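Here are some notes to read alongside the structure. Have it open while you go through the points.

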Amino acid sequence: MNVHESWEQIHRFLERDFPSLIPTLEPGATPEEIEALENALLFTLPIDLKASLMLHNGQLGDSGLFDFKSLFGCAAILTQFNMAAEIYTASGPAHPSERPATDRIKTDEGWGKGWLPFAGFQCNLVVTDCLPPNQSHFGQIFETDYQCPTEVLYESFSDWLAHYAQAFS
């Protein structure tokens, strides 16, 4: 299921069961907003995340559509990215023995330079990995609470969104 199909299914679910959440979905980001985000981050976003941002540039407030987590728009993504990096830098990296070894998620540098939070609630963030150890895993999805993530949950943003679209149907 692609991003557009997933959003169509999510919209049908909201119209049927939770119409009060529809207004919390922001209009799409402009190509210029997405380009400005990429320029600020110094890396490219996954294509499927860009497609979603062009449909909905995040959610208003803490509506928590995705397991109590809200979708971030371009501005919130940049804010969360900078805040996570700052918090992690301030608290210092975990002791190496506390960090699980993984060939999928780079865990040796603190907050990953390519870990991009796109949804969350408080410190529980859903992250896409834009600079993984192996480029074949570009865009993989995991969750973190500013601690070291241990497993990949989805291969892509499309897979993550499709999971919710199917669960909502």
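Is K50 buried, exposed or partly exposed? K50 counts as partly exposed, at 23% relative accessibility; buried means under 20% relative accessible area, exposed over 50%, and partly exposed in between, with a 1.4 Å probe and protein chains only.

1. A word on the ground rules. This is a predicted model, where local features need pLDDT of at least 70 and side-chain atom pairs count only at pLDDT 80 or more, while totals for chains, interfaces and linings use all residues. Residues are numbered from 1 along each chain as its sequence is written, and side-chain values use heavy atoms, with hydrogens and water left out.

2. The overall layout. The chain has 5 helices and 4 strands, and from the N terminus on its elements run α-α-α-β-α-β-β-β-α. Helices (H or I, at least four residues) and strands (E, at least two) are DSSP runs, numbered from the N terminus. Of the 169 residues, 47% count as buried. As for contacts (heavy atoms within 4.5 Å), take those in the chain with a separation of 6 or more: residues 24 or more positions apart account for 58% of them.

3. Back to K50, and its partner. The side chains of K50 and E38 meet in a salt bridge, 3.0 Å from N to O. The pair links distant parts of the chain, with K50 in helix α3 (residues 47–55) and E38 in helix α2 (residues 31–41), 12 residues apart. A salt bridge here is a side-chain nitrogen of Lys or Arg within 4 Å of a carboxyl oxygen of Asp or Glu.

4. How many does a search of the whole structure find? It finds 3. Another one joins the side chains of E143 and K69, at 3.7 Å from N to O. E143 lies in strand β4 (residues 141–144) and K69 in the loop between α3 and β1 (70–71), so this pair ties together parts that are 74 residues apart in sequence. K69 counts as buried at 8% relative accessibility, while E143 is partly exposed at 29%. There is also a salt bridge between the side chains of D17 and R16, 3.1 Å from N to O. R16 is exposed, with a relative accessible area of 52%, and D17 is partly exposed at 37%. As background, side chains of opposite charge can pair when their charged atoms come close.

5. How α2 sits against α3. These two helices pack at an angle of about 135 degrees, with their axes 10 Å apart. That makes α2 oblique to α3. On the terms: axes are lines fitted to C-alpha atoms, for helices over the stretch in contact, and angles run from 0 to 180 degrees between N-to-C directions. Angles under 35 degrees count as roughly parallel, over 145 as roughly antiparallel, 65 to 115 as roughly perpendicular and the rest as oblique.

6. Who meets whom there. For the classes, Ala, Val, Leu, Ile, Met, Phe, Trp, Tyr, Cys and Pro count as nonpolar, Asp, Glu, Lys and Arg as charged, and the others, Gly among them, as polar.

7. α3 has another neighbour. Helix α1 (residues 3–17) packs with α3 at an angle of about 40 degrees, their axes 9 Å apart, and the two are therefore oblique to each other. V3, H4 and W7 in α1 meet D48, A51, S52 and L55 in α3. This contact of α1 with α3 has 4 nonpolar, 2 polar and 1 charged residues.

8. Q9, also in α1. Where is Q9 placed? Its place is in helix α1, and Q9 is buried, with a relative accessible area of 17%. Not counting residues up to four places away in sequence, Q9 touches M1, A165, Q166 and S169.

9. Finally, L131. This residue is in the loop between β3 (124–129) and β4, and L131 is partly exposed, with a relative accessible area of 40%. Leaving out residues up to four places away in sequence, L131 touches F43, K113 and G114. The C-alpha atoms of L131 and G112, 19 residues apart along the chain, are separated by 7.9 Å.
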